[in-house]
Protein chains: 2
Amino acid sequence: MNSHPLRQHIEEIIPLTDEEFAYIFGHFTTIYRRRHQYLVQEGELVNKEFWVVKGCLKSCFFDKEGKEHILQFAMENWWVTDYEAFNNRVEATVSVDCIEDCELLYISYEDREKLSSEMHKMERFWAKKTKLGYIALQNRILSLLKDPAKVRFEKLLKQYPLLFQRVPKKMIASYLGVSRETLSRLYT
Amino acid sequence: MNSHPLRQHIEEIIPLTDEEFAYIFGHFTTIYRRRHQYLVQEGELVNKEFWVVKGCLKSCFFDKEGKEHILQFAMENWWVTDYEAFNNRVEATVSVDCIEDCELLYISYEDREKLSSEMHKMERFWAKKTKLGYIALQNRILSLLKDPAKVRFEKLLKQYPLLFQRVPKKMIASYLGVSRETLSRLYT
């Protein structure tokens, strides 16, 4: 248990005792999903937040024309769910789908609230993770406002080179908000 | 002290005793800034997070061509700073400027960390605020990816009607990522 990847992940921010990690870990459940299976589906209530042990996922929105817009990718050590639905107890507006076969841990909304209330350390851990996520989203917005497609592409490639080996080009284009044709030009 | 707007703001999420609020409030300092004065300037270290008592501000980025991109507006009860610079102790990449004469409270990085560590309640308060901010940014990204300018304009108008009375059209256009000409067409 001492070397569980979730413990390493939490301890990047907050040191834990063996007892503390065992207690925290007791609130998580392991699940497996195959490629193309979903974890969250539009219109459903969302009671789980997922942590990726292994695999690659996307959270995406389908517009009225059926066009897919990718809000987030998630790989090993990332957290993913429909945060608005999970946090505000409303129906999902996005879907979370597996791009690869995935092994995940999930925690329920009630257990996340319980752990956060009982353990200041876990409140702090999630607060710090959320803050880092907030900063990343601000940077993405700024990039969407000011950077041409080529710069957005290069930034993503530099930040997450692995993503380009694991995710179809079509999805990268959707994440960047460019057409597939534009993306093809950027790859050359 | 019981009816201080900061107390009301915190108590929307976490109830406080008189003693707790007095202790928290002791870590804040009041400042006044005139229209066009800045709170955070690009290239400086950022040691303060601001809470708006009265007034209207913007956080913005100037690109190499000198074009302004607006990351965030802030009005009464909003928190604002350069979060990447404040959180990661690096130089500011954005500026925070007053659009109106402003009354603000600020807390230093050290005091914010201290309050969060000492008081689980404040950790929780800021964690919840950050989570709500995270969700709002995700929605803005989705809107930038999928919505035409007209829809982005209408959503902002519906969500923050006051903003349109307090902020020049040029800035609204910059926030929405549209040209001023496009925005003028949307107003009619």
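A: In this predicted model, the side chains of A:Asn87 and A:Asn88 are joined by a polar contact of 3.1 Å (a pair of N or O atoms within 3.5 Å, one able to donate a hydrogen and the other to accept it; for residues adjacent in sequence, both must be side-chain atoms). Residues are numbered from 1 along each chain as its sequence is written, and chains are lettered from A, with ligands numbered from 1, in the order in which they are written. Local features need pLDDT of at least 70, side-chain atom pairs count only at pLDDT 80 or more, totals for chains, interfaces and linings use all residues, and side-chain values use heavy atoms, without hydrogens and water.

A:Asn87 belongs to helix H3 of chain A, residues 83–88 (a DSSP run of H or I, at least four residues, numbered from the N terminus). Its C-alpha atom lies 9.8 Å from that of A:Glu49, although 38 residues separate the two along the chain. Leaving aside residues up to four places away in sequence, A:Asn87 touches A:Tyr109 and, in chain B, B:Lys131, B:Leu132 and B:Ile135 (heavy atoms within 4.5 Å).

In chain B, helix H5 covers residues 120–146 and packs with helix H4, residues 109–118, at an angle of about 115°, the axes being 5 Å apart (lines fitted to C-alpha atoms over the stretch in contact, with angles from 0 to 180 degrees between N-to-C directions). B:Arg112, B:Leu115, B:Ser116, B:Ser117 and B:Glu118 of H4(B) meet B:His120, B:Met122, B:Glu123 and B:Trp126 of H5(B).

Conventions. Helices (H or I, at least four residues) and strands (E, at least two) are DSSP runs, numbered from the N terminus.
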